[in-house]
Amino acid sequence: MQLSEFFDYKNKLMEDLLTNEEIVNLVDETVSLDGAKRLAYTSVFPYEYIPDTVEEAKTFICFDVDVQESMNKTFLRPTLYIWVFSHKSKLRLLEGGVQTDKLVSKIAEAINGKQIVKELYVKGRLVNIVVK
């Protein structure tokens, strides 16, 4: 399997995140689901990213797929990394709890059982994905 094959899975994860109303609302409560695509590359990044100086309080999701080891020539062991961080003024939820905790749990629910997790194949065999 070539690393380029992971490109589509990152696009699928971006789509899954930006079509989930709860996730979109937790990232930016002013953005509707119809306008969620504008969060791509402004608040949701398919790579590890530390934003430049931010003028307003925002929440960010970054994710990446990394192949840290190759079990053999047939199996790669990819790891999906997801980072969630937010300005401290956005952390406290009105209903109680912490915004980033709720966001991480909603992301886990959104990708649990999805193709991005279940269908990474190398030469017809399933490759394990670890969500950290």
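Reader: In which loop is Val 54 found?

Author: Helices (H or I, at least four residues) and strands (E, at least two) are DSSP runs, numbered from the N terminus. Val 54 is found in the loop between β1 (44-45) and β2 (59-70). The model is predicted: local features need pLDDT of at least 70, side-chain atom pairs count only at pLDDT 80 or more, and totals for chains, interfaces and linings use all residues. Residues are numbered from 1 along each chain as its sequence is written, and side-chain values use heavy atoms, with hydrogens and water left out.

Reader: How many helices and strands does the protein have?

Author: There are 4 helices and 6 strands. Along the sequence they follow the pattern α-α-β-β-β-α-α-β-β-β.

Reader: Why does Val 54 count as partly exposed?

Author: Buried means under 20% relative accessible area, exposed over 50%, and partly exposed in between (1.4 Å probe, protein chains only). Val 54 has 36% relative accessibility, so this residue counts as partly exposed. Its C-alpha lies 9.5 Å from that of His 87, although 33 residues separate Val 54 and His 87 in sequence. Of the 132 residues in the protein, 37% are buried.

Reader: Is Cys 62 buried or exposed, and which residues does Cys 62 touch?

Author: Cys 62 lies in strand β2 and counts as buried, at 1% relative accessibility. Contact means heavy atoms within 4.5 Å. Not counting residues up to four places away in sequence, Cys 62 touches Phe 45, Tyr 47, Glu 48, Tyr 49, Tyr 81, Ile 82, Trp 83 and Phe 85. Cys 62 and Met 14 are 48 residues apart in sequence, with C-alpha atoms 9.7 Å apart in space.

Reader: What describes a pair of aromatic rings, and how many aromatic pairs does a search of the whole structure find?

Author: A pair is described by the distance of the centres and the angle of the planes. Rings of Phe, Tyr and Trp (its six-membered ring) pair if their centres lie within 6.5 Å; planes under 30 degrees apart count as stacked, over 60 as edge-to-face and the rest as tilted. The search of the whole structure finds 7 aromatic pairs. The rings of Tyr 81 and Trp 83 are stacked, because their centres are 5.9 Å apart and their planes are at 10 degrees. Trp 83 is partly exposed, at 29% relative accessibility.

Reader: Which residues form one aromatic cluster?

Author: Tyr 41, Phe 45, Tyr 47, Tyr 49, Phe 60 and Phe 85 form one aromatic cluster. Tyr 41 is found in the loop between α2 and β1, and has a positive phi of about 70 degrees although it is not a glycine. With a relative accessible area of 48%, Tyr 41 is partly exposed.

Reader: Where is Thr 100 found, and which residues does Thr 100 touch?

Author: Thr 100 is found in helix α3 and is buried, with a relative accessible area of 15%. Leaving aside residues up to four places away in sequence, Thr 100 touches Val 84, Phe 85, Ser 86 and Leu 91.

Reader: How much of the contact in the protein joins residues at least 24 apart?

Author: Among contacts between residues at least 6 apart in sequence, 48% join residues at least 24 apart.
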